[in-house]
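Q: Hello! I am new to this protein and would like to know what lies behind the words used for it. Could you take me through them?

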Amino acid sequence: MSTIEHLRHTRTEALALIGDLEREAAAIAASTAGSPDDEHDAEGSTIGFERARVASLLESARVSLAGVDEALDRARQGNYGRCDQCGDLIGEERLALLPTTTRCVACSSARVTARLPRRPLASPRR
Ligand SMILES: [Zn+2]
């Protein structure tokens, strides 16, 4: 399977997952429609936990879908596999592992290094 085919497949799966999670979220909302006060309901903490779990999964599925859509857009424009920082080709191995990445290894690690604190985290400032 080529990387683009893999992205299309991932997109289909993400859409299906989002559909399932939206149905699950709607079912939770419907089950609590009569009693908006979770706090005093014996089932409240369970329902609150479920609602948070589904919302979190939905959020990450949408983020993942957005990344796949961006990658497919880049493919349509002929820019897929090119680093958006330096313009070099992103290695095939990297794309196989991270099909939605927009940076080559060098630019990606330069960005991570720039975000690292200058002092070790273990020595607090006084
Ligand atoms: Zn680069």
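A: Gladly! Two residues are in contact if their C-beta atoms, placed from the backbone, lie within 7 Å. Among contacts in the protein with a separation of 6 or more, 56% are between residues 24 or more positions apart. This is a predicted model, where local features need pLDDT of at least 70, side-chain atom pairs count only at pLDDT 80 or more, and totals for chains, interfaces and linings use all residues. Residues are numbered from 1 along each chain as its sequence is written.

Q: How do you know that the span of α1 agrees with its 29 residues?
A: The expected span is 1.5 Å times one less than the number of residues. For α1 that should be 42 Å, and its end C-alpha atoms are 41 Å apart, so the two agree.

Q: Why is Leu58 called partly exposed?
A: A residue is buried if 20 or more other C-beta atoms lie within 10 Å of its own, exposed if 12 or fewer, and partly exposed in between; C-beta atoms are placed from the backbone. Leu58 has 17 within 10 Å, so it is partly exposed. Leu58 sits in helix α2 and, beyond its neighbours within four places in sequence, is in contact with Ile18, Leu21, Glu22 and Ala25.

Q: What makes up the largest nonpolar core?
A: Such a core is a set of buried Ala, Val, Leu, Ile, Met, Phe, Trp, Tyr and Cys residues joined through C-beta atoms within 7 Å. Here the seven residues are Leu7, Ala14, Leu21, Val54, Ala61, Val68 and Ala71.

Note on methods
Helix = DSSP H or I, 4+ residues; strand = E, 2+ residues; numbered from the N terminus.
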